[in-house]
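Have a look around first, then read on.

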Amino acid sequence: MIDDSYVWKSRLRTGRAILRRKLRRAKVDPARVDAAFVQVEAFAFLTGYIIRKLLEAKKLSDELEAAVMNVVTYPARPEYPLDFLSPHKIERGYDLTAPSEKAVGFRDLCNLLVHSFVFMPASDESGTRWTGFFLNSDRTKNRELMFIKREDFDLLVDEVVRDDVVTMHIDRLRSRVKKSRVGEGDAVPTISLNADLND
């Protein structure tokens, strides 16, 4: 049980600072790129795990739980299903020439991070700047591959770190809990997890 969400949110802030430092060093020294991209995966997994724990402990607002992220998806190629020996062969397992958009819920995103089957950081043409990552899970691998932009993942972390439950109503008879980041009577915000929609 998580009693104090601050400790876990602080862990996210610290982890992101370490990741940013490693990514900056990788831009200057290409020999550090692989280590930085391993850190991307480790931080993404940690983020998913922390979010799940905060959700289970009722430490995140309903507004954040209702948030969605628009992602790019690529359909699986049924003639080449990936297995545990080939999750890195995304160009064979998925049609990367047929992108489409899809809205993914906050909880589903964190489950994908925790249960990732394919997790592959993507970079720019120089190979040193992290631009996002490809992702799916053991349950979705035969259907699609998603691409999460770096800016959108960063926004997701920002929203978790600054989310604060201000009001809470508990109905123990019906096993319902309402948690909000705004006071009673205030307008309930809609949260988008896409950086370009928040500019």
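## Ground rules

Two residues are in contact here when heavy atoms come within 4.5 Å. What you're looking at is a predicted model, so local features need pLDDT of at least 70 and side-chain atom pairs count only at pLDDT 80 or more, while totals for chains, interfaces and linings use all residues. Residues are numbered from 1 along each chain as its sequence is written, and side-chain values use heavy atoms, with hydrogens and water left out.

Let's start with Glu159, which sits in helix 6. Helices here are DSSP runs of H or I with at least four residues, strands are runs of E with at least two, and both are numbered from the N terminus. Is Glu159 buried or exposed? At 6% relative accessibility, Glu159 is buried; the cut-offs are under 20% for buried, over 50% for exposed and in between for partly exposed, using a 1.4 Å probe and protein chains only. Setting aside residues up to four places away in sequence, Glu159 touches Leu64, Arg181, Ile191 and Leu193.

With residues up to four places away in sequence left out, Lys9 touches Leu54, Lys59, Leu60, Val160, Val161, Asp163 and Asp164.

## Two helix pairs

Helix 1 (residues 5-28) packs against helix 6 at about 150°, with the axes 9 Å apart. The axes are lines fitted to C-alpha atoms over the stretch in contact, and angles run from 0 to 180 degrees between N-to-C directions. That makes helix 1 roughly antiparallel to helix 6; the classes are under 35 degrees for roughly parallel, over 145 for roughly antiparallel, 65 to 115 for roughly perpendicular, and oblique for the rest. On the helix 1 side, Lys9, Leu12, Arg13, Arg16, Arg20 and Leu23 meet Arg150, Asp154, Val157, Asp158, Val160 and Val161 of helix 6. The crossing is left-handed, meaning that the near helix is turned anticlockwise from the far one by less than a right angle (clockwise would be right-handed).

The other pair is helix 2 (residues 33-56) with helix 5 (residues 106-114), at an angle of about 130° and with axes 8 Å apart. That makes helix 2 oblique to helix 5. From helix 2 the contact takes in Ala44, Phe45, Gly48, Tyr49, Ile51, Arg52 and Leu55, and from helix 5 Phe106, Arg107, Cys110, Asn111, Leu113 and Val114. Helix 2 also passes helix 5 in a left-handed crossing.

## The ring cluster

Now for the aromatics. Rings of Phe, Tyr and Trp (its six-membered ring) pair if their centres lie within 6.5 Å; planes under 30 degrees apart are stacked, over 60 edge-to-face and the rest tilted. How many aromatic pairs does this rule give? The count comes to 6 aromatic pairs. The rings of Phe119 and Phe133 have centres 4.7 Å apart and planes at 25°, so this pair is stacked. Phe119 belongs to strand 3 (residues 116-123) and Phe133 to strand 4 (residues 130-137), so the pair ties together parts 14 residues apart in sequence. Phe119 is buried at 12% relative accessibility, and Phe133 is buried at 0%.

Phe133 also pairs with Phe153, this time edge-to-face, at 5.3 Å centre to centre and 80° between the planes. This pair links strand 4 to helix 6 (residues 150-162), with the two residues 20 apart. Phe153 is buried, as is Phe133. Ring pairs join Phe43, Phe119, Trp130, Phe133 and Phe153 into a cluster.

Elsewhere, Lys141 lies over the face of Phe117, 4.6 Å from the ring centre. A charge sits over a ring if NZ of Lys or CZ of Arg is within 6 Å of the ring centre and within 35 degrees of the ring normal.

## Two loops with positive phi

Lys58 isn't a glycine, but has a positive phi of about 60°. Lys58 is in the loop between helix 2 and helix 3 (62-65) and is partly exposed, with a relative accessible area of 40%.

Ser175 also has a positive phi, near 55°, in a residue other than glycine. Its loop runs between strand 6 (167-171) and strand 7 (176-180). Ser175 is exposed, at 66% relative accessible area.
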